[in-house]
Amino acid sequence: MNATTEPFTPSADLARPTVADAVVGHEASPLFIRKPNPDDGWGIYELVKSCPPLDVNSAYAYLLLATQFRDSCALATNEEGEVVGFVSGYVKSNAPDTYFLWQVAVGEKARGTGLARRLVEAVMTRPEMAEVHHLETTITPDNQASWGLFRRLADRWQAPLNSREYFSTDQLGGEHDPENLVRIGPFQTDRI
């Protein structure tokens, strides 16, 4: 069995326009959007911890997202390579036209820049997402920031937004607010 290795690029080197998929923000403080890599796992974990009310998963889970699901995730860094934004998700195996967005996190330093939308759209416009025409996520009823983001995405993409209860408080152990399943689509990725 032959083992092949891909060249590894440290996060600090990835925070450059020549490597990033997109550069957003102000000229004085640009943000670089790209696919995550194993070097980003801890930075993602620390970012999510700093973004309540997001549920914090293990550092191992974020390493898996940065490696096994990197094609369906996007990360934003500042010029120093600090992780300031992250979106995770996957294309559903039982519905290959649907992308399930797991988490969106934007750190305090990058809030108010439209980064959450740009991270989602960075994923949705990748060639591997060409057959995706629906986006699903879950949102607690009181998470106004998330509801606002997904309503804006539906408006921008000229697509309907529907929601229904998905997980009840009882199903979540009685200590978590219910989660509504939110579905945007159908939409055309060439309109994003």
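**Group meeting: a walk through the model**

Okay, let's start with glutamine 158, which sits in the loop between H5 and E7. Helices here are DSSP runs of H or I with at least four residues, strands are runs of E with at least two, and both are numbered from the N terminus. Glutamine 158 has a positive phi of about 50 degrees, although it is not a glycine. Most residues other than glycine have a negative phi, and most peptide bonds are trans. Glutamine 158 counts as exposed because its relative accessible area is 59%; the cut-offs are under 20% for buried, over 50% for exposed, and partly exposed in between, with a 1.4 Å probe and protein chains only.

Quick housekeeping. This is a predicted model, where local features need pLDDT of at least 70 and side-chain atom pairs count only at pLDDT 80 or more, while totals for chains, interfaces and linings use all residues. Residues are numbered from 1 along each chain as its sequence is written, and side-chain values use heavy atoms, with hydrogens and water left out.

Now the overall picture. The protein chain has five helices and eight strands, and along the sequence they run α-β-β-α-α-β-β-β-α-β-α-β-β. Of its 192 residues, 45% count as buried. As for contacts, meaning heavy atoms within 4.5 Å, if you take those between residues at least 6 apart in sequence, 60% join residues at least 24 apart. The chain exposes about 10,500 Å², and carbon and sulfur atoms supply 49% of that; the area is Shrake-Rupley with a 1.4 Å probe, and for residues, only the protein chains shown count as cover.

On to the inside. A nonpolar core, for us, is a set of buried Ala, Val, Leu, Ile, Met, Phe, Trp, Tyr and Cys residues joined through side-chain atoms within 4.5 Å. The largest one has 32 residues, and the members touching the most other members are Val87, Tyr99, Leu115, Val120, Leu135, Trp157 and Ile184. Several elements supply at least two residues each, among them strand E4 (83-92), strand E5 (95-106), helix H5 (144-156) and strand E8 (179-184). Which element gives the largest share of this core? That's H4, with seven residues.

Have a look at isoleucine 184.

Tyr45 and Leu47 bring us to H2, where the buried residues are Gly41, Ile44, Tyr45, Leu47 and Val48. They're on the same side of H2, because they cover an arc of only 165 degrees around the axis, taking directions from the helix axis to the C-beta atoms. Their cover includes H3, E3, E4 and E5.

What about cysteines? Cysteine 51 is buried at 4% relative accessibility, and cysteine 73 is buried too, at 0%. A search of the whole structure finds zero disulfides, a disulfide being a pair of cysteine sulfur atoms within 2.5 Å.

Two peptide bonds to check. Proline 52 and proline 53 are joined by a cis bond with omega about 15 degrees, and proline 53 is in the loop between helix H2 (41-49) and helix H3 (59-67). Then glycine 185 to proline 186 is cis, omega near 5 degrees, with proline 186 in the segment after E8.

Last, the charges. There are nine salt bridges, each a side-chain nitrogen of Lys or Arg within 4 Å of a carboxyl oxygen of Asp or Glu. Arginine 34 and aspartate 40 form one at 2.9 Å, N to O, and both are buried.

Glutamate 128 meets lysine 35 at 3.2 Å, N to O. Glutamate 128 is in the loop between H4 and E6 and lysine 35 in the one between E2 and H2, so this pair ties together parts 93 residues apart in sequence. For accessibility, lysine 35 is partly exposed at 22%, aspartate 71 at 39% and glutamate 128 at 40%.
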